[in-house]
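Thanks for coming. I have one structure to go through today, and I will take it residue by residue before turning to the whole chain. Please have a look at it first.

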Amino acid sequence: MNMKKTLLTITAVLLTAMMSSATLSYVNQTLTYGVGSGGLAIPDGSPVGVASQMNFTANNTGNQMIDVTVGLNISGGYNGNLYAYLISPTGTLVVLMDHPGSAPFYAAGSGMTVTLDSSAGTGIQSATETYRQSLSGTYAPLGNLGSIAAPGGNDGTGNGIWTLFFADLTRGGGQACLDSWTLNLTVVPEPVTLALGLFVAMLLSLAGIKRMWTLQAK
């Protein structure tokens, strides 16, 4: 085997090893207030709204996030009146919903247990429910949660303070309460660590080949 083919073989093997070691991890953390009247009240008909802050510590330092989803548990109120956004620890803001459903009555349900995932086929803005019934399932948010974990972005590991803001923009429809919310992150090992391991492995392999060729040449 000539030197070029040998190097190509080694590179392919090392790249395969690196990719297999970059196993995805799924980490989540939930902030719970209570159920119904025990939850965090969202002021009726007030754009001032209410903010919930979660100090996310579930992820290991050095793990780069590549995806974000949000779970919401809300009781009471009128879903079509709600507006919400999420802010990452570094300040990236994503609008989650803005009067979900179709005008003029929007989503007619009361309360929701949903997961917001930008890869979902149906958007929360298209949600429909029977009057006063709860909304459940997985929906795409109005904004793109993928922008938080975009390649080359500044959001890193996801550790730190996340802010979830909710407002009920139209008076009437009853009291809505945020019972709990969950932040779900998909992460991979720190690229620098993997690159360093690959570089060291390649140097060791090349040193071994050089020694082998030197012995064969004698």
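I will start with V68, which is found in strand β4, residues 64–76. Keep in mind that this is a predicted model. Is V68 buried or exposed? With a relative accessible area of 1%, V68 is buried, because the cut-off for that word is under 20%. Leaving out residues up to four places away in sequence, V68 touches L145, I148, A149, W162, L183, N184 and L185. Another residue to look at from here is V187: it sits 119 residues away from V68 along the chain, yet the two C-alpha atoms are separated by 9.3 Å.

L24, Y26 and I66 make a nonpolar patch of about 320 Å². L24 belongs to the loop between α1 (3–21) and β1 (25–32). Its relative accessibility is 38%, so L24 counts as partly exposed.

Next, the aromatic rings. How many aromatic pairs does the structure hold? There are three. In one of them, Y83 and Y85 have ring centres 6.0 Å apart and planes at 75°, which makes the pair edge-to-face. Y85 counts as buried, at 19% relative accessibility. Y83 also pairs with F165, again edge-to-face, with 6.4 Å from centre to centre and 70° between the planes. F165 is buried, with a relative accessible area of 10%. Taken together, ring pairs link Y83, Y85 and F165 into a cluster.

Why do I call β9 largely enclosed by the rest of the structure? Because eight of its nine residues are buried. As for strand partners, β9 runs antiparallel to strand β3 (residues 46–56), and eight bridges join the two.

One backbone item. Which residue has a positive phi although it is not a glycine? That is H99, with a phi of about 55°. H99 lies in the loop between β6 (93–98) and β7 (112–116). Even so, H99 counts as buried, at 17% relative accessibility.

Finally, the chain as a whole. Its secondary structure comes to two helices and 10 strands. Read along the sequence, the pattern is α-β-β-β-β-β-β-β-β-β-β-α. Of the 218 residues, 41% count as buried. If you take contacts between residues at least 6 apart in sequence, 77% of them join residues at least 24 apart. The chain exposes about 11,200 Å², and carbon and sulfur atoms supply 60% of that area.

That is what I have on this one.

Technical notes. Residues numbered from 1 in each chain as written. Predicted model: local features only at pLDDT ≥ 70, side-chain atom pairs only at ≥ 80, totals over all residues. Heavy atoms only, no water. Helix = DSSP H or I, 4+ residues; strand = E, 2+ residues; numbered from the N terminus. Buried < 20%, exposed > 50% of the residue type's maximum accessible area, 1.4 Å probe, protein only. Contact = heavy atoms within 4.5 Å. Patch = residues over 30% accessible without salt bridge, like charges linked within 9 Å, V, L, I, M, F, W, Y side chains within 5 Å. Areas by Shrake-Rupley, 256 points an atom, 1.4 Å probe, with all protein chains shown as cover. Salt bridge = Lys/Arg side-chain N within 4 Å of Asp/Glu carboxyl O. Phe/Tyr/Trp six-rings, centres within 6.5 Å; stacked < 30°, edge-to-face > 60°. Pairing = 2+ DSSP bridges.
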